[in-house]
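Subject: Structure handover

Hello,

Here is the structure for you to look over. My notes follow below it.

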Amino acid sequence: MFKVKYFEVIRTSAVIVIALAIAFLIISLVSDQPVTTIGIFLLEPLSTKGHIGNVIEMAIPLMFTGLSVSLLFRANMFNLGAEGIFYFSGVVASVLAIHLTLNGWMHPLVAIAGGSIVGALLSAIPGILKAKWNANELVTSLMFNNILFGVGLYLLNYHLRDAKAFANVSFKFQETAHLSKIVPGTRIHTGLIIVLVLIVVAHLFLYKTKWGYELRMTGANREFARYSGIKTAKVIILVHLIAGFMAGMGGSVEVLGMYNRFQWSSLPGYGLDGALVAMLAKNNPLAVIASALFLAYIRIGADLMARLSDVPSEMISIIQAVIILLISAEQFLKFWKNRMLLKEAKEA
Amino acid sequence: MQNALLEMRAITKVYPNGVVANKAVHFSLCEGEIHAIAGENGAGKSTLMKIMFGMEEPSDGEIYIRGEKVKLQSAQDAIDRGIGMVHQHFMLVPSFTVAENMVLGMEPRRGLGFNEAEAIRMTEETARKYNLTVNPKAKVEDLTVGMKQKVEILKALLRGAKILILDEPTAVLTPQETEELFRELKQLKEQGHTIVFISHKLKEVKAICDRITIMRGGRTEGVFQTADVTEQEISRLMVGRDVVLKYDKDSPSFGEPMLTVQGLSVNDPQGKALLSDLSFTVRAGQIVGIAGVEGNGQTQLIEALTGGLKGVSSNGVVTVKGADIRDSDLLEIRNLGVSYIPEDRMRQGSAGDASIADNLISTRYRSKDMNKGIFLKGSKISSLTASLVEEFKVRCSGTAQPIGMLSGGNMQKVVVARECSTSPELLIAEQPTRGVDIGAAQFIHQKLLELRAAQCAILLVSADLNEILEISDSLLVMYEGQIVAYFENPAAVSEEELGLYMLGIQRQDEQDIRRAVNHV
Amino acid sequence: MNSLLSVILTTDFAFSLLRVTTPILFAALGALISNRAGIINIGLEGIMLVSALAGVILSAYTHSAWIGLLGAVLAGTMIAGILAFFTLKFKTHIILGGVAINMFASGGTVFILYLLSGDKGSSTSLASKVLPSVEIPLLKDIPVLGPIFSGHHILTYVSILSVFVVYYLLNRMSLGLRIRSVGENPHAAQSVGVSVIKIQYTALLLSGFFAGLGGAYMSMGYLSLFTRDMIAGRGWIAIAAESMGRGTTLGTALTSLLFGAADALSNALQVLNIPAELIATLPYVATVVGLVIYAVSETRKKNRKLKSPLAK
């Protein structure tokens with residue numbers, strides 16, 4: 001029989017199955033040709049090189065924010081600020097991409113570094129407020145999302161806007177600032193390599209270094225960490241810096257890898273999606289890869305479905321909501337776990 | 001007993017984790033009496049009281065009210081049957097007025113609204129009836145502790161309580177407030193109420209209770225007319241050992257003083273003395289035990305020794321290996337070679353979701369053996385933790401298992417393994433075997449004795465008499481923040497004698513106590 | 001500066017102030033009720049969005065603005081009920097539950113809109129109804145006061161009335177007493193037989209009810225149709241207003257008005273070349289500042305206690 005230690009895996013799988021079942025149900029209700037539509041939703045993302053490329057392109061920003069949120073959640077910090085930082089760092093990187101003149105490989109490097117550092121510093125503010133005065137990091141980070149969006153939008157509209165362009169977009173980035181494409185026939189860019197390296201580094205950091213250990217212990221039980229001699233206030237500020245750096249890097253990479261101009265006139269949503277990715281990955285850096293790819297896969301599936309059938313792609317946000325509601329539900333399937341525990345106790 | 005108002009017969013309570021809190025307990029309450037339940041911590045008083053108030057269901061046994069068998073499944077059931085309870089932690093809403101707190105859950109209405117005038121009237125009426133003066137319009141957060149308690153009593157009375165259970169009501173009161181409470185309780189008794197008074201303060205029990213039920217180790221030790229028993233007799237029944245454990249101890253060889261406390265006094269913000277004028281020494285190779293009923297300053301003493309004095313005004317000197325630690329935090333104290341087994345293994349001693357290995361290295365991952373620069377030495381850590389798990393016989397599926405899935409005894413072994421394996425020069429052990437099975441407890445005791453043989457100084461604070469009497473080389477007794485007795489050969493001290501000091505009936509003279517400084 | 005004053009000191013400005021405050025006020029009252037019961041509902045933005053759409057759809061199909069309003073309020077209450085079910089029964093984290101509700105709303109409304117109208121941007125093709133505006137007899141003829149207070153949308157009056165209703169509910173009704181006791185000391189409430197879960201359900205449903213009114217106002221008053229993401233952060237401003245208002249009804253109402261003023265001013269201030277985007281961040285900045293001041297003073301208070309601690 002199943003063991004208790006596989007319980008979380010089983011539970012996550014059950015959530016995904018339920019979410020997909022709901023997707024099928026919605027499609028069946030809405031579509032004239034449900035079977036075909038479900039086929040498109042499930043298979044089309046994997047059907048061509050271009051589509052697989054789309055999935056991976058979409059997964060890149062999700063991995064950045066998923067990783068960022070994972071570390072915060074790991075430290076038991078309930079901070080949803082990745083959203084605003086992702087956006088604002090995108091603006092910062094755009095400014096550097098437009099106004100700097102540098103050679104081909106320095107330019108994106110500098111722009112990304114700029115976006116990441118600004119992200120780290122902005123993220124540190126709720127961290128410091130939390131560590132020093134115990135100000136609720138959730139509320140401050142949510143407020144910061146709106147503040148950063150307002151300021152970013154102001155910069156776009158007043159300082160970066162290209163009056164000659166038809167839409168509300170910035171000037172074009174310098175050619176030198178773009179991240180190069182690495183897989184012909186797709187738009188997959190060097191950002192993929194950056195994020196994969198970052199994930200491996202984060203994994204090593206979390207499980208193999210002193211600081212990662214301090215972070216995990218602070219998150220698992222702050223009282224215990226303090227008792228063990230860990231300076232938990234420092235840890236909290238550090239994790240905010242790192243998480244902000246990662247979210248900021250994500251915004252910068254996304255802008256330079258996928259666009260010619262800065263053109264987000266609303267928050268792109270990757271920060272909150274990052275919370276979903278982190279939850280699916282159980283705050284485990286390596287698992288972020290799989291969970292970001294899964295989320296990207298169903299999203300591209302929905303996009304393609306919208307293009308090729310009569311079901312709009314917004315269905316996906318219903319599915320995402322279901323996943324979040326169930327995956328964070330402590331009591332969901334708990335009765336089953338208790339039954340397993342009881343059985344194991346009897347056998348032992 | 002013809003007129004037993006409430007009777008509990010053969011009550012047994014086994015908690016899901018296997019702890020047996022009550023074993024075939026009998027309790028009988030007569031109408032119109034003040035009945036004390038006395039016993040040490042862990043004697044089963046609170047469990048019995050929770051069962052009486054419907055907060056816990058007994059695993060076995062029966063409850064009768066006025067001869068009628070009842071089942072109390074919730075506090076509401078108990079309230080409906082005229083039982084009221086005053087909890088030690090007050091169940092009041094701080095921002096509400098007295099009147100609002102009084103009627104919460106049974107609010108008088110007028111049309112759609114809450115009838116505040118009626119609530120005030122009800123409060124005043126109840127207060128007048130029982131002669132307990134309160135200001136119905138005052139906010140509870142502005143009240144003194146004594147006043148809050150009065151509100152709690154009135155709350156129960158308003159709900160028609162004929163039986164009042166008071167859980168250590170005097171623990172939070174000043175002497176004046178205690179006197180007033182006693183006056184009020186006597187008055188309630190005259191008006192026909194029956195009161196269950198839970199306490200381990202014998203003077204108070206003698207002062208106002210008619211009868212006393214003594215509990216020990218989850219059983220009833222006897223029921224007496226208070227007037228017929230002496231404090232000495234009560235204490236002999238309360239304080240005792242069920243099984244005497246014996247250990248083979250090497251003859252002591254004491255070294256240099258490792259911990260020295262001289263004239264340590266600390267007051268709380270209100271100026272009440274928490275610790276007064278403590279002086280003692282713990283030498284290398286010596287185990288000094290501190291006995292006492294809980295809440296007599298042991299917690300505060302441990303806090304003072306583990307970094308709690310930083311930024312606090314105190315008198316006296318505390319040194320570890322000659323270094324003053326009054327301005328040090330716990331990490332700095334640990335770096336002097338101090339280990340600390342905390343009282344609460346769930347809250348402080350471990351991180352439940354983290355692995356056994358992670359829990360084992362929390363106080364030593366900084367040391368050079370465990371890391372190279374910022375990187376931890378993974379293989380070193382796994383071999384160390386694996387050998388610790390083996391040495392301390394922790395029953396688990398591997399060092400990667402989350403510690404939270406272990407039983408209490410095994411979890412405590414992990415905590416002890418962590419603290420004892422760093423070759424400490426001073427170990428502060430706070431209730432090191434609380435709530436663990438007898439096998440694990442004996443194992444932990446052996447480990448402490450091994451450390452002692454290796455010339456570690458150990459300060460052992462415990463409410464477990466077996467432990468404290470058998471393990472310690474010398475013994476201090478604390479009562480109300482002071483050291484009231486010092487014994488050089490604890491194994492020879494009788495439990496009766498110890499009880500007299502623990503319960504504040506006796507006190508050694510100053511010179512005897514002072515011997516704790518030099519152990520001569 | 002004069003030009004600014006000449007914009008602000010007009011009856012038109014005062015009128016528009018009440019107009020833009022209405023949705024914020026409704027949602028802030030919703031936030032207030034759930035917060036007082038100890039649960040922070042960050043799904044208000046999403047609840048308002050769903051209600052706005054429900055109002056449009058129902059009024060279009062029934063040709064009655066009133067049935068539309070009823071539908072909007074029911075939809076808001078229902079979404080709050082789903083949130084309550086998951087958080088109170090399944091123990092989903094309340095914040096993540098709120099995030100889920102918002103995600104569901106922003107995509108789900110577009111999904112449904114598209115299915116019904118074939119348009120993803122707005123509900124122009126649906127002939128939805130609008131709730132009426134009301135001229136108040138006598139008052140409308142008084143100079144200055146008349147143009148400011150008369151002729152508003154009916155829900156604007158309802159929102160003002162709601163302030164009194166919520167005040168009465170929280171401070172003068174036994175339900176309010178119970179809500180506050182559950183938020184402040186659930187053990188105390190439980191010990192006298194008040195069901196904490198039941199009270200929290202009630203509070204969340206009420207917060208959904210008021211957010212639903214706010215949503216209905218957006219699509220059947222403020223505008224006369226539904227557009228994608230039309231709540232545009234008002235749910236968040238409401239949470240900020242409740243937080244700045246320190247959990248009191250009056251404070252919440254006044255902060256809502258203040259934040260409404262920031263909204264109304266954003267146009268006026270453009271006269272002074274202060275960009276609207278920055279003005280829009282003012283409520284959030286104010287909330288962060290307020291929160292920090294509060295947190296610092298709390299820490300100071302606690303530290304003073306710790307200065308001579310060792311007490312448990």
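Predicted model: local features only at pLDDT ≥ 70, side-chain atom pairs only at ≥ 80, totals over all residues.

Residues are numbered from 1 along each chain as written, chains are lettered from A and ligands numbered from 1 in written order, and side-chain values use heavy atoms, without hydrogens and water.

Confidence: the model scores ipTM 0.86 and pTM 0.87. Chain C has a mean pLDDT of 89 (the predictor's confidence in each residue, from 0 to 100). In chain C, 94% of residues reach 70 or more. Over residues 305-312 of chain C, pLDDT stays under 50.

Chain B: strand E23 spans residues 474-479 (strands are DSSP runs of E, at least two residues, numbered from the N terminus). Five of its six residues are buried (under 20% relative accessible area, 1.4 Å probe, protein chains only). E23(B) pairs with E15(B), residues 287-291, in the parallel sense over four bridges (pairing needs at least two DSSP bridges). There, Ile290(B) stands opposite Leu476(B). E23(B) also runs antiparallel to E24(B), residues 482-487, with five bridges. Tyr479(B) has Gln482(B) as its bridge partner. In this hairpin, two residues lie between the strands, and Glu480(B) takes a positive phi near 50°.

Chain A: an unreviewed UniProt entry lists transmembrane regions, including residues 12-31 and 315-333. Such annotations may be inferred rather than shown by experiment. Residues 12-31 of chain A are 95% helix, with end C-alpha atoms 28 Å apart. Residues 315-333 of chain A are 68% helix, with end C-alpha atoms 26 Å apart.

Best wishes

Conventions
Contact = heavy atoms within 4.5 Å. Buried < 20%, exposed > 50% of the residue type's maximum accessible area, 1.4 Å probe, protein only.
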